[in-house]
Amino acid sequence: MATQKLYAGVKLRELRGRLGLTQKAFAEKLSVSLPYLNQMENNNRPISTAVVLSLAQEFGFDVTELQSGDEARLISDMREALADPVFTGTAPALADLRLAASNAPTLARALLDLHAAYRQTHERLASLDEALGREDARLQPSPWEEVRDFFHYCDNYIDAVDRAAEHFAVQSGGLTMRESAIKTLEGRRITVKFEDTETIRFYDAASKSLVISRRATEATQSFQLMLQVALLTRDQLLEATLDLGRFQSAEARAIAKLGLANYFAGAALMPYARFLEAAQETRHDLERLADRFGTSVEQVAHRLSTLQRPGSKGIPFFFVRVDPAGTITKRHSATTLQFARYGGACPLWNVHRAFESPNRWHRQLAETPDGVRYFCLARDVTKSGGAFHAPTRRFAICLGCEVKHARALVYADHMDIDTAAAFEPIGISCRICERKDCHQRSVPPLERRLTVDPNQRGILPYRVE
């Protein structure tokens, strides 16, 4: 089998920029000519094995970063955006999208930002919210989507925050993270109280008091305590990380800061090295990990999707959470699998079955239209309000990885992962899914011609050519 050529010019340019080297100096350190380096940085030539070795030996560079998922994410996101009917004419060929993602990622992201802005404006008008007549109707990206994409393109791993959280955990000595969080807060003369209240967490800066709801589970209480520690003791770190994100609005920055504080909390409760070792030891048994670290199953699943530290990576997982309507409320992926940016997830995915049979794990072998095969694990998550009249929130979570990693998961035991027929076909979005015979298709694929026969009706009222 021929070895796939590696084109990673953008990564090379980013590394050279971080090192502050000119092309000439960088070429000398890699023992290549200046024209050759220029061609590699512009994706006119693949990166040779000798250069890969030089990157590792000379700079200690984790060469797996050269194959990060940025390009795959951009291609998937552009395909979905360009499937919007607003783009008339012939859709760009996949080869053209790959070229844009590899050679001009900034331009590709600008296209996605422009499309997102268009969709937001269109949805405002469609909902008749009088956006045109309001003072706050300025055209700008959705803050929530801007933050989502920030984590999306960081592989959901924030190194500085992750290491700071791990350091906090190591310095806690024999205390539990819950005890360590309370001690840290009380050391700042903050009173910590647990009260019977609907509000899960409330911090009053004036009185320096923190109230945590007794109705919340212990895992949630510990998480909220650690989140408050992050906000109060790691503010400079969070702000410096936010500066790198270059968010376009104060709302987006505020949402991102809360997201980083959440990240710190999860990383402190499940410190990287210890959690990675435990995950490998238990073969990624989520319930055992939740019990060992005093967290919830959802928190464990989310944390598994963040184990992408250079030089010490875990299995590349994707993690997604959906509500009963099928809307994706959380999505993170360290794999090539990408999720629909708009609308719900593929109805053939097992995450939807979790609502039908609660309190049990649903396993699925799935194959996407690009031929990549995955092992998917789904389960419902019920979040009680802690009182009879309090609303109960229901979600389903799904954790998955490419099937080549499945044997490292206890959940894949006794599954026929070597048989092609065992894999169910799933997609990303109906508009960009090219499957011709999907019985759950909601809309036709944009890039395919349709034949409508008034004298014949199959599963669909048309035939995809």
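The secondary structure of the chain amounts to 16 helices and 13 strands, where helices (H or I, at least four residues) and strands (E, at least two) are DSSP runs numbered from the N terminus. The model is a predicted one, in which local features need pLDDT of at least 70 and side-chain atom pairs count only at pLDDT 80 or more, while totals for chains, interfaces and linings use all residues. Residues are numbered from 1 along each chain as its sequence is written, and side-chain values use heavy atoms, with hydrogens and water left out. Of the 465 residues in the chain, 47% count as buried, a term that means under 20% relative accessible area, with exposed meaning over 50% and partly exposed lying in between (1.4 Å probe, protein chains only). Of the contacts between residues at least 6 apart in sequence, 58% join residues at least 24 apart, contact being defined as heavy atoms within 4.5 Å.

**Helix packing around α13**

- Two packed helices are described by the angle between their axes and the distance between the axes.
- Helix α8 (residues 143-152) packs against helix α13 (residues 250-269) at an angle of about 45 degrees, and their axes are 8 Å apart; the axes are lines fitted to C-alpha atoms, for helices over the stretch in contact, and angles run from 0 to 180 degrees between N-to-C directions.
- The helices α8 and α13 are therefore oblique to each other, given that angles under 35 degrees count as roughly parallel, over 145 as roughly antiparallel, 65 to 115 as roughly perpendicular and the rest as oblique.
- On the α8 side, Pro143, Trp144, Glu146, Val147, Phe150 and Phe151 take part, and they meet Glu251, Ala252, Ile255, Ala256, Gly259 and Leu260 of α13.
- By class, this contact of α8 with α13 comprises 9 nonpolar, 1 polar and 2 charged residues, where Ala, Val, Leu, Ile, Met, Phe, Trp, Tyr, Cys and Pro count as nonpolar, Asp, Glu, Lys and Arg as charged, and the others, Gly among them, as polar.
- Helix α9 (residues 159-171) also packs on α13, with axes that come within 8 Å and cross at roughly 40 degrees, and that makes α9 oblique to α13.
- The crossing of α9 and α13 is right-handed, and the contact is made by Val161, Asp162, Ala164, Ala165, Phe168 and Ala169 of α9 with Leu260, Tyr263, Phe264, Ala267 and Ala268 of α13.
- The residues of the contact of α9 with α13 divide into 10 nonpolar, no polar and 1 charged.

**Positive phi angles**

- Most residues other than glycine have a negative phi.
- Arginine 189, although not a glycine, has a positive phi of about 60 degrees; its place is in the loop between α10 (177-187) and β1 (191-195), and with a relative accessible area of 75% it is exposed.
- Histidine 414 has a positive phi near 70 degrees, lies in the loop between β10 (393-402) and β11 (424-425), and counts as exposed at 83% relative accessibility.

**Cysteines**

- The structure holds 0 disulfides, a disulfide being a pair of cysteine sulfur atoms within 2.5 Å.
- Cysteine 401 is buried at 0% relative accessible area, and its sulfur is 8.4 Å from the closest cysteine sulfur, that of cysteine 376, which is too far for a bond.
- Cysteine 438 is buried at 14%, and its sulfur lies 6.1 Å from the closest cysteine sulfur, in cysteine 346, again too far for a bond.

**Buried residues and their contacts**

- Leucine 74 lies in helix α5 (residues 70-82) and counts as buried at 1% relative accessibility.
- Leaving out residues up to four places away in sequence, leucine 74 touches Ala101, Pro105, Ala108, Arg109, Leu112 and Tyr153; leucine 74 and alanine 101 are 27 residues apart in sequence and 5.9 Å apart in space, C-alpha to C-alpha.
- Threonine 306, in the loop between α16 (297-304) and β4 (308-309), is buried at 3% relative accessibility and, neighbours within four places in sequence aside, is in contact with Asn156, Tyr157, Tyr263 and Tyr272.

Technical notes
Left-handed = near helix turned anticlockwise from the far one by under 90°.
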